[in-house]
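Subject: the model, and what I found in it

Hi,

Here is the structure I said I would pass on.

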Amino acid sequence: MSLALAQLTDVSVTINNIDILKNINLTILPGEQWAIIGKSGSGKTTLAQALTGRAFHSGTVSFHLPNHTHANRILLIEQQHHFKNRSNTSDFYYQQRYNSSDSEDAMTVQEELQPFTDSQPATNWIEQLHLTHVLPEPLIQLSNGENKRLQLAKALFLDPALLIMDNPFIGLDVEGRQSLHRILDTIVASGISIILITPPQELPGCITHVAVLENGQLVSAGKKSAIQLQQAAVAPPLPAAIIQKLKAAGESNHFTTVVKMVNVTIKYGERTILQNINWEVKKGECWSISGPNGAGKSTLLSLVTADNPQAYANELYLFDQRRGSGESIWDIKRRIGFVSPELHLYFDRGTSCFDVIASGLFDTIGLFRQISTAQQEQVQNSIQLLQLQSLQRRPLFQLSLGQQRMVLLARALVKNPPLLILDEPTQGLDDEQISYFKTLVNQLCETFHTTLLYVTHYTKDMPSCITNAVLLENGNMTLKRQAESLKPKA
């Protein structure tokens, strides 16, 4: 009998007296390709970190890796990208990617990959991962999906024996996900073993075995065909009393047009991101914004959130007022609740979930002032809306990706703003959380006549209140109003 590729014996992880993993026992044999599935907060990422020595654990983790062809390495591709500027620090600020002069402080993709690109295999991976066209771009200006592909390329250049990937499909467009399925087949065929953390609906064909985690415990493990995958989730009921409380405290908003763009064009050097965009969003309308990775979706939203300085060079109206006519950035932001895939990266690692949510009252990345009793009540309302009572005092960075996302969604809702801008809000959420969140967004938009701009690569994750659509492709915009066909099927 061959030695196990990986053997976990009684592996447990405790952080701040909270049991994250409890007595995990798992054997992975050569030739097996595993997926780890489970609800948000079940311990999947912590298990990946324990496998690679990044999380302190009790019990034992041992490997018997092949010595031929591949380097004797175990590599983890994390959910989020991490890179440094030219001064070798990570002192980036959120709006930096939209400021063409400041963004030059980030390395380009070509520079980031330079140590690896002398070999033909590396060139092949760059082509397969569709990175050739972004080689001259600063890292900070890459889309979420482009960054995912970059991290995979860097790992493959190191020729690992075992590759552990934490939610690699998150942030990829439809074509990107299909391409990754094919690439994973190629990776396995090359002799690299993989362990994949992924939702059950995104299991690649090359996966042979599945492990299911629940509340930090391994509840089942075995051949993919023999594992009972998660059933359709039933969302818990909304806290009606909180919604009524918000309704009673609601403010009237005196504007008719939320966004109006007239021939808006955004360029960075010779690269055109948006070309002659004409778009009007009326109060109370709910829009989806879609397009492939790198199409300009985040740039479009940055004009609305007042984060992009090129707004002043264009004809742009927000809440009935022309940009540059005397309003401040904070006048705009106070009417907006916003979440993006990378927003949490800019918070201090010790910030509590309560403080992250409270910072949404002031539109700051962190809480830098005392809040009043009334504001504390606002924060608690938002915590209850997203069912985060048990997590509010924990540091944001000790939570799972799905739990972090729920905290950021609570931050976006804390002011009950007239405009919600949700950029891939369901990333990392499990099916139950997605179902609950969609129901909540529908209720808020119906109750408060909230305007909604919603970005997702998954049609099934769209709330049913969405009836209008924007498609961005190659810098151009296509509009579709009353887009009933976009509603997810019941």
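Let me start with one side chain: is Phe 319 buried or exposed? Phe 319 is buried, because its relative accessible area is 7% (buried means under 20% relative accessible area, exposed over 50%, partly exposed in between, with a 1.4 Å probe and protein chains only).

Before you go further, a word on what you're looking at. This is a predicted model, where local features need pLDDT of at least 70 and side-chain atom pairs count only at pLDDT 80 or more, while totals for chains, interfaces and linings use all residues. Residues are numbered from 1 along each chain as its sequence is written, and side-chain values use heavy atoms, with hydrogens and water left out.

**The chain as a whole**

The chain has 12 helices and 19 strands; these are DSSP runs numbered from the N terminus (helices are H or I with at least four residues, strands are E with at least two). Of its 490 residues, 55% count as buried. Among contacts between residues at least 6 apart in sequence, 69% join residues at least 24 apart (contact means heavy atoms within 4.5 Å).

Six strands make an open sheet in the order 5-6-7-3-8-9, and the pairing is mixed (two strands pair if DSSP finds at least two bridges between them). Strand 5 (74-77) and strand 9 (217-223) are the edges; each has a single partner strand, so one side of each has no neighbour in the sheet. On average, neighbouring strands here are turned by 15° against each other, direction ignored (axes are lines fitted to C-alpha atoms, for helices over the stretch in contact, and angles run from 0 to 180 degrees between N-to-C directions).

Strand 3 (residues 34-38) and strand 8 (residues 209-214) run parallel and are joined by five bridges. If you want one to look up, Ala 35 has Val 210 in strand 8 as its bridge partner.

Two helices to look at here: helix 4 (residues 144-157) lies across strand 5 and strand 6 (162-166), at about 165° to strand 6. Helix 5 (residues 174-189) lies across strand 6 and strand 7 (193-197), at about 145° to strand 7.

Another open sheet of six strands has the order 15-16-17-12-18-19, with mixed pairing. Its edge strands are strand 15 (336-339) and strand 19 (476-480), each pairing on one side only. From one strand to the next, the twist averages 15°.

Strand 18 (residues 468-473) and strand 19 run antiparallel, with five bridges between them; Val 470 has Leu 479 in strand 19 as its bridge partner. Helix 11 packs on this sheet, touching strand 15 and strand 16 (419-423), and its direction makes about 165° with that of strand 15. Helix 12 (residues 431-448) packs on the sheet too, touching strand 12 (286-290), strand 16 and strand 17 (451-455), at about 155° to the direction of strand 17.

Strand 12 is mostly covered, with four of its five residues buried. Strand 12 pairs with strand 17 in the parallel sense over four bridges, and Cys 286 has Leu 452 as its partner there.

How does the length of helix 11 work out, and what span should its 13 residues have? Helix 11 (residues 401-413) should span 18 Å at 1.5 Å a residue, and its end C-alpha atoms are 18 Å apart, which agrees (the expected span is 1.5 Å times one less than the number of residues). Helix 11 is also mostly covered: 13 of its 13 residues are buried.

**Rings**

There are two aromatic pairs (rings of Phe, Tyr and Trp, the last by its six-membered ring, pair if their centres lie within 6.5 Å; planes under 30 degrees apart count as stacked, over 60 as edge-to-face and the rest as tilted). Phe 255 and Phe 319 are edge-to-face, because their planes stand at 75°, with the centres 5.0 Å apart. Phe 255 sits in the loop between helix 6 (240-248) and strand 10 (257-268), and Phe 319 in the loop between strand 13 (315-318) and strand 14 (321-322), 64 residues apart. Phe 255 is buried too, at 5% relative accessible area.

Trp 279 and Trp 287 also pair edge-to-face, at 5.7 Å centre to centre and 85° between the planes, and both are buried.

Cheers
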